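This report describes one protein chain for a reader who is new to structural analysis. Please keep the sequence and the structure in view while reading.

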Amino acid sequence: MCRIILFCLISALRFCSGVQGQSPVQLQNQNYTYYHPSKDKLSWQQLNLSLSSTYIVIAKEGQVGHDSCLYIASRSLGLSRFAVLAEGIDTDGELIGQSQWIDQQKPEKGMQLLSGATGIKQLKLLLLVGSYYAFEPRNYYKHRDKVEYYLNKAVALSKTLNEGRLGRIALCLLGKMYFQVNDSKGDSIFNKLVDECRKAGDKETEARAYAYRGIYTAPDRETLQRKLNDLQLAAGLYDALGDREREINVLTDLGYMLFVTGQLQQAYEILSKSLTLANSIHFPYTHYNTEALAMCTLMQGKFGEPLRYTFQTIKVAESCRDSIGWGYFYSRLAECYDMEGREKESLAMSQKAIHRYIMDRDPSVYNVLLYPVNYMNKQGNPKDALNLVYTTYREVGDPSNISDEFFYNNIVSTCHMYLGNLDTAEFYLKKIDSLETIAEAIRGPLRRTTVNDGYGIIAFKRGQFRKAREYFEKRFNTVSYGDRGLSDDLNSYRWLLSVDSALGDKASAITHYKIYTQLLDSNFRVTKIRQAEELQVLYETQEKENEISLLNQQAKLEKSNLKQERLVRDLTLAGGIAVLIIAGLLFRQNRSRKKNNIVITENNKEITSKNSQLLQLLNDREWLLKEIHHRVKNNLQIVMSLLNSQSVYINNDAALTAIHDSQRRVYAMSLIHQKLYQSENISTIVMPDYVNELVSNIKDSFDIGTRIVFDLAIEPVNLDVSQAIPLGLIINESIVNAIKYAFPDPAKGYVSVSLKSQDNGHLMLTIADNGVGLPGDLSTREHSSLGLDLIRGLTKQLDGSISINNNSGLQIIIVFPLLSKQISDGKLAHF
């Protein structure tokens, strides 16, 4: 019996010790994790739908109605419009469960429910059916009678039931419909509603009334200021109520309105406040807020902020899988790159945007299509550019609104200018002139300078130089809050200088040249400031990442310590019980054995305590090592950024090549430290993953396309960091040399890299190409260069041997002893 009890106690102690010896549980990622937005609370669903639908209105430049955009957003996000239509109605489970007819677009089912309802339920259904018709997209006049019927009936029933608040909601919805059909009844209902709200102290419905009039009143020069005032009043009321979701929505609308009226700084401040509020309530769908700020700061001539906000926009939109604005967001990034002369990056991002637009059959593609078309025109391929436009047209169809028509006709006109078809170019230019005139009546001058510049170029090409000067000078005399960037102004002055030269007008040329040089100097200063802003953004981003990492590590340690304390407590309790039982059992035998057992028990406790301390020290050591690797990686990346900044000021090709080579070497080392701090194993590197990523980076740094094929055969071996770093540098040098010298452009070929284990505990690295090799009269032993000297020196560091064969290409074979034999089974990796 004693043996059985003792065995059970020992087993329990082993179990506790085993639990204590396990590694701490990893903390979950604190960032947003995707889940379907329909799982959000109704107020978040409503805000999500409102922000996304408003963004579509803005993207289409107000030429698609709010309710049509709400319908599009609802379908795209997979969210019911119920969250918007039922705003202010005291919803219950039964009403929500019976509302599927809204998204099925079967209002007859709602009417069937209404026919059998009485009392407060009947009133709510009257409101819901009336709201359904008030939010029906496209044709407000078609449903006007139904809106009036159901909502006026709701107003009458609310008086009978003494439900004043629901009656005021009905009036609010009626006012919405009247605002959208430009009926003066809208203002009379609004005044009556606001008066009733103030008498009843109903600030929520009063705020909604101001918001509705501010949002749904048709925009024109007479109503713009009132719309701004209404939205400001609504935002103030929602702020006083502490209703953050609706305040965010109204502030975003207000920011857009300020932007449209050219009040960029006020728009920036309002949009920043909206984003701050969204972050304060942990609202995950902030991509429309950051996109609005990117648009605003870009128009202000900033750089660091638009780029940062655009990156945030794309990251959030992709993580929450909201694809509504992907094409527009990628276009924004292409625009940021283009304004800084980063042509390749702009082209790459514009291609990504074009692909998204074509997938969505979205005619907004014609805006971003301008980047590759302009590039092809400048490269002397206007026919290919025009074919690209027509091919895209066949993919997405006709432009769907005025802005899409503007961009389409502008691109076609530009292509014909480069082709020399000036009459055809002018024909399309006149189209965009009339389109801009129509649009200006709605949202003010935006692209007038584009039209004037087009006329100016055509006049210049026809030899009508004085007429050309008039059009180019209009840029600086015409109010237009679009297309007025510094680079655009510089381009216009270049045209003016060409006009002055053609006319022989030296005085005008001197005046224009002075302004041009001032702008050039300004452009240089702005570029340097923007580069500094970009570096600052990168630095701040790295600092925030470090802070987040440190907080996560601290939280992990705190959790680990808490677990250790609990385990020690459990062990102490178990040990105490064990002592008591053993003492009771052994008391019958003799006192001396009791004393001995007590001593043994105390020794066991001391050993257990020492083990716990050692485990804690081990965990702390691993954390510190990971932190060191993380900081080393960050420092190396800063070195790469500094090298990149330095390269901007270097005109010497040899020096520029040396800097790029140094960047690749630093990246090879940085990647090692990145792999170490991201891995659970902080002492060794998994070579297949590392080599694949290293070779991929080298490929991307050269413009070789598919001209050179890489074949990687890396055995699944784990190397100590002391061997992985020199091995990575050897691979980097060998592949860079092969790309530079083995395959003169446009020669094609392949490069193979293999890493295999040998029976004698060594590894063999082979790097071979089928290129031109070394000259036949040059000895591989005597040949010396920085790359080969580095490879030989690194081989010595590995305590290995090297052989170089110059036959049908160049082959480098390095054999070195393996320090840590951690080869696991797996397939060879091919790239």
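Which residues does D253 touch, not counting residues up to four places away in sequence?

## Overview of the chain

The model discussed here is predicted. The protein chain has 831 residues, of which 48% count as buried. Its secondary structure consists of 33 helices and eight strands.

Contacts can also be viewed by their separation in sequence. Among contacts between residues at least 6 apart in sequence, 67% join residues at least 24 apart.

## The surroundings of D253

D253 belongs to helix α14, which spans residues 244–260. With residues up to four places away in sequence left out, D253 touches T54, I215 and L231.

Although D253 is buried, D253 has no salt bridge. The nearest side chain of opposite charge is that of K227, at 8.0 Å. A salt bridge would require a side-chain nitrogen of Lys or Arg within 4 Å of a carboxyl oxygen of Asp or Glu.

## The five-stranded sheet

Five strands form an open sheet in the order β2-β4-β5-β7-β6, and their pairing is mixed. From one strand to the next, the twist averages 10°.

Helix α31 (residues 687–701) touches β2 and β4, and its direction makes about 165° with that of β2. Helix α32 (residues 721–742) touches β2, β4, β5 (762–769) and β7 (810–817), and its direction makes about 15° with that of β5.

β2 pairs with strand β4 (residues 749–757) in the parallel sense, over seven bridges. Within this pairing, D711 has S752 in β4 as its bridge partner, L712 has V753, and I714 stands opposite L755. In regular strands, side chains alternate between the two faces of the sheet.

One of the facing pairs is S757 and L763, the latter in β5. β4 and β5 form a hairpin with four residues between the strands, and in this hairpin G761 takes a positive phi near 75°.

How many disulfides does a search of the whole structure find? The search finds zero. A disulfide is a covalent bond between the sulfur atoms of two cysteines. The cut-off applied here is a pair of cysteine sulfur atoms within 2.5 Å.

For C172, the closest cysteine sulfur is in C197, and the separation of 7.7 Å is too far for a bond. C172 is itself buried, with a relative accessible area of 4%. C336 is likewise buried, with a relative accessible area of 2%. Both values may be set against the limit for a buried residue, which is under 20%.

Technical notes:
Residues numbered from 1 in each chain as written. Predicted model: local features only at pLDDT ≥ 70, side-chain atom pairs only at ≥ 80, totals over all residues. Heavy atoms only, no water. Buried < 20%, exposed > 50% of the residue type's maximum accessible area, 1.4 Å probe, protein only. Pairing = 2+ DSSP bridges. Helix = DSSP H or I, 4+ residues; strand = E, 2+ residues; numbered from the N terminus. Axes fitted to C-alpha atoms, helices over the stretch in contact; angles between N-to-C directions. Contact = heavy atoms within 4.5 Å. Lys, Arg positive; Asp, Glu negative; His and termini not counted.
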